[in-house]
Amino acid sequence: MTTTQTARLLRDTPVRTDAQRAARRRWLIRGLRLSGVQLLCFAVSAGLFALPLVYLLLQAFKTYPSFLKDPTGLPHPWTLSNFSAAWSQGDFGTEMVNSLLYAVVPDVLTLILGVFLAFPISRGWFRRSNLLYGFFVFSGFLPAGLIPLFGEAQKLGLYDNQVGYLILTSLTGAGFFFFVGYIKTIPRELDEAAAMDGCGYFRFVFTIILPQMKPALATFAIFGFVASWNNLILPLIMLSDSTLWPVTRGLYGFFGEHTTQWPLIAAATVIVAAPILVVFAVLQRHLVEGVAGGAATGSAGVGNAPAAAVAAEE
Amino acid sequence: MSSSTTCPFGTRRTRRWIPWLSVAVPSLGWLVFGLYPSLATVYYSFTTYSGLPGTPMTFCGLCNYRDMFTSNYSQLSQAVVTTLEYVGGVTVLQIGLGLGLALLLQRRRFGYGLYRALIFMPQVFSVTIVGVLFSLLLDPSSGPAEAVYHSVIGGYSSFLGDSNLAIWLIVLVNVWMFSGYTMLVYIAGLRRIPPEVYEAASLDGAGAIRRFWKITWPLLAPSTTVNVFLTVMGSLGEYALILVLTQGQYHTQTLGMFMFNTAFGVNPDLGLGSMLAMVQFVLTAVIGGVLLWALRRREVSL
């Protein structure tokens, strides 16, 4: 007996026939091809989409002299000083609070106002509910109103103040297209039963309709939050006092101020990107499903592009 | 609808007013901050107004239109050309890349959720973050793109400072940022195609490429409609990213950027800016209309 034969006898697995061996080979080849595909997927997603951010992160740990000496290499020595410098020079703490305020307040108000607008229309309580709906949709195709909005804000005293900015962003009344269709899926019998039991209208909307719409509202709220947090143009136009700036505006200013000090700018960018990255990591599933499930309608409302809502509805 | 279409809430007296009350506040907000600014753009475009406190707004008829279509016509046509280049580039690349990624990552396999999430990730960042990131990567004196360019192609490029290159680089940044969205819409579309169709085609001896052109591509038509429409409309109105990357210099001044620079730049001119917003509106309406018509026709014919 040769050693290989002994080894074969000692093994628990049965001796393979040729057919089994061929099957095994096919399985191996498939496995190899699969891992090849895995490798490709990993290379594309990590190399093209994550690597730029990793590169940015690495720059943030460099001292300025070492960056100048070797701009594209690894940090040597590593330092944390850029983060503290960026934090104190950029005033990002205040700006984070502002950002949070500018993202949460309009988000919540838009949701509630949107439901109050959508509910009677989707129930058909007005003689021309469909016409009204069509009119709201149509208005989204009108010219962008950014410039008159700026003039209006100045006249109404909403320019360059926090409350004014919140009013401007909370009352644009979006989100509504998305809700009209959704509310139609909530049975009318619920309204009638609740009304019969003496439930008031506002109480009904808050305690029955809003909880019923939780999945839709959650998706809308996430997309709305991200859109408001990331808005650069509106703060750029409406807020000139730097203590009122949100982080996106703050980083834009910081970038302009420290143009070539890349380690410092990289640190500031990491600071600004971190919270939204955490939000993304936690809510990633919602966001991804939201896109697939047609939440495009929801995000479009906040992003002032109701055209997208219409496209996605079809 | 058999049941009543009147509001069941409240007493007989309040019943009629409750729906109106419900829509009153949101509608008022929308009228003041949504509809009014949109319509006022038309009026603003017939005026001269710097927007600076204390300066008057004077009606001047078609002055802005006359100026733009005569003495400043080259600037306007350049902006329109740049916009079309931008929209065309973004749409072709983003649809191509999004579809490619979707075909690669459509299955439910180990790790694919993470890959999809990584590709979708840039979308949640603000244009400021993405703009700064790519300004770093494309920095002509110390960025990695410079190092690669120098060693592979040789010579030097100023990248975002190069008038022939800048707009196409911004196209790439835009595609990097949003192709995850296109991919997800396509994946949803791919998963709606019944597997039996592919099995039947395989039995008939159709190869992978044939299967793609004869089955996948036609059956993805609704997803393509959504993706093309959203991408074209989104990139037509885009200027925040361009603002961070080049501020419209080096032949990157799209119509939106031109509007922003005119209205809020060094010599603010809200009248002229509004006129450019009107041009943008007309361009968007025409392209959007033609696109919807063409995509619909295509869906039916496939």
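UniProt positions are given here in the numbering used for this structure, feature names are shortened, and annotations may be inferred rather than shown by experiment. Residues are numbered from 1 along each chain as its sequence is written, while chains are lettered from A and ligands numbered from 1 in the order in which they are written. The model is predicted: local features need pLDDT of at least 70, side-chain atom pairs count only at pLDDT 80 or more, and totals for chains, interfaces and linings use all residues.

Confidence comes before geometry. The pLDDT, the predictor's confidence in each residue from 0 to 100, averages 82 in chain A, where 87% of the residues score at least 70. Over residues 295-314 of chain A it stays under 50, although the model has 56 contacts beyond four places in sequence for this stretch. A contact means that the C-beta atoms of two residues, placed from the backbone, lie within 7 Å. Where pLDDT is low, the predicted coordinates should not be read in detail.

Chain B holds 13 helices and two strands, which are DSSP runs numbered from the N terminus (helices H or I, at least four residues; strands E, at least two). Its radius of gyration is 25 Å, well over the 19 Å that the globule rule gives for 302 residues, so chain B is more spread out than a compact globule. That radius is taken over C-alpha atoms, and the rule is 2.2 Å times the number of residues to the power 0.38. Along the principal axes, the C-alpha atoms of chain B fill a box of roughly 75 × 75 × 35 Å.

For chain B, an unreviewed UniProt entry lists residues 20-46, 86-105, 117-138, 165-188, 228-250 and 270-295 as "transmembrane region". In the model, residues 20-46 of chain B are 93% helix and 0% strand, with end C-alpha atoms 36 Å apart. Residues 86-105 of chain B are 100% helix and 0% strand, and their end C-alpha atoms are 27 Å apart.

The contact between the chains takes 75 residues from chain B and 73 residues from chain A. On the chain B side, helix H1 (residues 18-44) gives the largest share, 20 residues. That side divides into 55 nonpolar, 19 polar and one charged; Ala, Val, Leu, Ile, Met, Phe, Trp, Tyr, Cys and Pro count as nonpolar, Asp, Glu, Lys and Arg as charged, and the others, Gly among them, as polar.

B:Tyr115 lies in helix H4 (residues 112-120) of chain B. Not counting residues up to four places away in sequence, B:Tyr115 touches A:Cys41, A:Phe42, A:Ser45 and B:Leu105.
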